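Grab a pencil and work through these exercises with the model open beside you. Try each task before you read its solution.

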Amino acid sequence: MIRKQRFFFGTNTKMYKGIAETRDFVVALDRLNADISRDHVQLFVIPSYTTIQTARQAVPVESMLIGAQNMGWADEGQFTGEISPVMLQEVGADLVMVGHSERRHVLGETDIEENKKILKGLQHNFVMLLCVGETGEEKELNLSQEAVRSQLKRGLAGVQPEDMAKVWIAYEPVWAIGVGSTPASKEYAETMHQVIKQALVEQYGEMVGLAVPVLYGGSVNPENAVGLASQDSVDGLFIGRSAWDAKRFHGIIRDVLAVLEFVD
Ligand code: PGA
């Protein structure tokens, strides 16, 4: 058995699943995982903006957090097409994801924007999930560690230690995400998670830095989930495609929990 203090399981449904499908998904997940104690386990689902309110009302917060996939960095203003933290609070979001690889690399966001969102979201008391990860090119050039350290430092600039209790990190190597990609090996993931934890400790000290959960994402599937989850520095799995069917997601959760032993 692998000893851990807690473990996180989450999914981002990207631009899939409308209102009815999202509701059915979270209700099924809630039901399938009903007998799993949440003392050491945190579940979360990050669906499309338009489905957040329905999802939040469909299942209790004790069962899972519901998050937003992005957020504008101002409370209001002339930002056509953006959704503000005030609006996200209104629909009941608990968590906001910032800096997903598709936001950075398909939609062109920068660390500066991610940082503004993190600071603003923390003001509104959201759990902020900051995604970091090197591109395939950075990996080729042996720059993975530098890339991730830089994203962390820039993304978290100005975040006070007392606010770090509301920050989660997802390590998602760009080359490992989505259709046709290769998942990171468990050894590679462990090394990168150690780098992230080290960077957090340098910035915030051991007590605060080591308390920040670091989740792995990028082609997690039923075959590799247990191996990844068994690594010392992997505090959770952040899953795309393999989690979009509630039963399949639940299967991964069961398999992982079967090898974990929780200690206080
Ligand atoms: P994937 O997506 O599991 O489908 O690779 C991961 C993600 O984008 O977070």
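**Exercise 1: A serine in a loop**

Leaving out residues up to four places away in sequence, S48 touches T13, K14, M15, Y16, K17 and Q69. Keep in mind that you're looking at a predicted model.

Task: Find out where S48 lies, and decide if S48 counts as buried or exposed.

Solution.
- Step 1: Look between β3 (41-46) and α2 (52-58); the loop there holds S48.
- Step 2: Check the relative accessibility of S48, which is 15%. Buried means under 20%.
- Step 3: At 15%, S48 therefore counts as buried.

**Exercise 2: Two positive phi values**

Task: For K17 and then S219, work out where the residue lies and what its phi is near.

Solution.
- Step 1: Start with K17, which you'll find in the loop between β2 and α1. Its phi is near 70°, a positive value in a residue other than glycine.
- Step 2: Ask how accessible K17 is: the relative accessible area is 15%, so K17 is buried.
- Step 3: See what the side chain of K17 is up to. K17 lies over the face of F25, at 4.6 Å from the ring centre.
- Step 4: Move on to S219, in the loop between β8 (214-217) and α9 (225-229). Phi of S219 is near 55°, again positive in a residue other than glycine.
- Step 5: S219 has 12% relative accessibility, so it counts as buried.

**Exercise 3: A pair of rings**

Task: Are the rings of F8 and W168 stacked or edge-to-face, and why?

Solution.
- Step 1: Recall what you need: a pair of aromatic rings is described by the distance of the centres and the angle of the planes.
- Step 2: Count the pairs in the model: there are eight aromatic pairs. In the pair of F8 and W168, the ring centres are 4.8 Å apart and the planes stand at 70°.
- Step 3: Planes over 60 degrees apart count as edge-to-face, so the pair of F8 and W168 is edge-to-face.
- Step 4: Now place the two residues. F8 is in strand β2 (residues 7-12) and W168 in strand β7 (residues 167-171), so the pair links parts of the chain 160 residues apart.
- Step 5: Check the burial: F8 and W168 are both buried.
- Step 6: Widen the view, and you'll see ring pairs joining F8, F44, W168 and F238 into a cluster.

**Exercise 4: Two helices side by side**

Task: Describe how helix α1 and helix α10 pack, and name the residues that meet.

Solution.
- Step 1: Find α1 at residues 19-32 and α10 at residues 246-257.
- Step 2: Get the geometry: the axes are 9 Å apart, and the helices pack at an angle of about 35°. The crossing of α1 and α10 is right-handed.
- Step 3: List the partners. From α1 come F25, A28, L29 and L32, and from α10 come A246, K247, F249, H250 and R254.
- Step 4: Sort the residues of this contact, and you get six nonpolar, one polar and two charged.

**Exercise 5: A residue in strand β1**

Task: Is R3 buried or exposed, and which residues does R3 touch?

Solution.
- Step 1: Locate R3 in strand β1 (residues 2-4).
- Step 2: Its relative accessibility is 57%, so R3 counts as exposed.
- Step 3: Skip residues up to four places away in sequence, and R3 touches E261 and V263.
- Step 4: Compare sequence with space: R3 and D264 are 261 residues apart in sequence, and 9.9 Å apart in space, C-alpha to C-alpha.

Terms used
Residues numbered from 1 in each chain as written. Predicted model: local features only at pLDDT ≥ 70, side-chain atom pairs only at ≥ 80, totals over all residues. Heavy atoms only, no water. Phe/Tyr/Trp six-rings, centres within 6.5 Å; stacked < 30°, edge-to-face > 60°. Helix = DSSP H or I, 4+ residues; strand = E, 2+ residues; numbered from the N terminus. Buried < 20%, exposed > 50% of the residue type's maximum accessible area, 1.4 Å probe, protein only. Lys NZ or Arg CZ within 6 Å of the ring centre and 35° of its normal. Axes fitted to C-alpha atoms, helices over the stretch in contact; angles between N-to-C directions. Left-handed = near helix turned anticlockwise from the far one by under 90°. Contact = heavy atoms within 4.5 Å. Nonpolar A, V, L, I, M, F, W, Y, C, P; charged D, E, K, R; others polar.
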